[in-house]
Amino acid sequence: DSNGGAADIRDAYAKYNFGNGMKLRAGQFKTGMVREELVSDSAQLLVERSQTNSAFSWGRSQGLGIEGTQDNFKWMVDFTDGPSTDNTEYDSASEADFGIVGRVEFLAMGKDFDAVRQFSSWTSTADTTGLVGASLGYASGGDTGAGAGPTTDGTILQLSVDTQWGGDGWNAFGAFHFRSTDDTTTTFDDMGVVVQGGYFFRENLEGFARLDSIIPDSNDPVNDDAFTTLAGGVNYYIVPNSQASKFTAQLNYYLDNTGANSLI
């Protein structure tokens, strides 16, 4: 749908398992910049990820990544060709010269990371699970290029922190993003916030709500306004305790002019 209905490549990578929780991957994949983006499409709480995620996610890139998991601690480092550069040539003008993303996750409560692979938490879940994570990303451009010209000059530095909790039929998630962009003429800092939660009223009926906001810098050369979205609704699971099939009814309310922010 994002390519006019034409087929394209999303994920294409090879992974090698060294053992002891250490893995290496190479190809095209999602970087570890934003937690909400890393949760699978089929495991989201709402119909779609937030507008804030769309503005701050680094999407898919091509590169090399290494990750490790030890007990209640997980980390990953990705060296790529910059934010959202899937299906691009290595010397494309739309890329960065390089991008690097590091992420750490700490399981503050719970037995393993499988419990936070989705946002919902079933009523059959006996234990409370809590995750705290942080990501730091840096990208620089201006030198690499061929016939299309050099990559866009400037740098991006982004920090994202998040936390996800769930227990017996309830779940909560929050994230904060800070991005500083230097385009060689000015520096501007954009921020984003996401807060969401859900609760099972019955074994197969879940209510949810979310608030997310994009807060651009007043120095932003595009003169963007803040953009805030309220969303709420219910999920009805055909099979209890399973994401295999469900119906969702959701209402979005935009507190701001949808045409006044170029980040969405």
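## An exposed loop residue

Asp-71 counts as exposed because its relative accessibility is 72%, where exposed means over 50% relative accessible area, buried under 20% and partly exposed in between, with a 1.4 Å probe and protein chains only. Asp-71 sits in the loop between β3 (60-70) and β4, and its phi is near 55°, a positive value in a residue other than glycine. Most residues other than glycine have a negative phi, and most peptide bonds are trans.

## Basis of the values

The model is predicted, so that local features need pLDDT of at least 70 and side-chain atom pairs count only at pLDDT 80 or more, while totals for chains, interfaces and linings use all residues. Residues are numbered from 1 along each chain as its sequence is written, and side-chain values use heavy atoms, with hydrogens and water left out.

## Overall form

The protein has 2 helices and 14 strands; these are DSSP runs, with helices being H or I of at least four residues and strands being E of at least two, numbered from the N terminus. For 264 residues a compact globule would have a radius of gyration near 18 Å, and the value of 19 Å for the protein agrees with this; the radius is taken over C-alpha atoms, and the globule rule is 2.2 Å times the number of residues to the power 0.38. The C-alpha trace spans about 60 × 50 × 35 Å along its principal axes.

Of the 264 residues, 41% count as buried. Among the contacts with a separation of 6 or more, 60% come from residues 24 or more positions apart, a contact being heavy atoms within 4.5 Å.

## Surface and charge

The accessible surface comes to about 13,100 Å², and 56% of this surface belongs to carbon and sulfur atoms; the areas come from the Shrake-Rupley method with a 1.4 Å probe, and for residues only the protein chains shown count as cover. The protein carries 16 positive and 36 negative charges, whose mean positions are 11 Å apart. In this count Lys and Arg are positive and Asp and Glu negative, with His and the chain ends not counted, and each charge is placed at NZ of Lys, CZ of Arg, CG of Asp or CD of Glu.

## Strand pairing around β5

Strand β5 (residues 98-109) pairs with strand β4 (residues 73-80) in the antiparallel sense over 8 bridges, pairing being assigned if DSSP finds at least two bridges between two strands. Within this pair, Met-76 stands opposite Arg-103 in β5. Strand β5 also pairs with strand β6 (residues 129-141), again in the antiparallel sense, over 11 bridges, and here Ile-100 stands opposite Tyr-138 in β6.

## Other individual residues

Tyr-16, which lies in strand β1 (residues 12-19), counts as exposed because its relative accessibility is 51%. Apart from neighbours within four places in sequence, Tyr-16 is in contact with Met-22, Lys-23 and Leu-24, and its C-alpha atom is separated by 9.0 Å from that of Ala-26, 10 residues apart along the chain.

Asn-87 belongs to the loop between β4 and β5 and is partly exposed, with a relative accessible area of 38%. Not counting residues up to four places away in sequence, Asn-87 touches Asp-8, Ile-9, Gln-28 and Gln-62; the C-alpha atoms of Asn-87 and Gln-28, 59 residues apart along the chain, are separated by 8.1 Å. Asn-241, in the loop between β13 (227-237) and β14 (246-254), counts as partly exposed at 29% relative accessibility, and its phi is near 65°, a positive value in a residue other than glycine.
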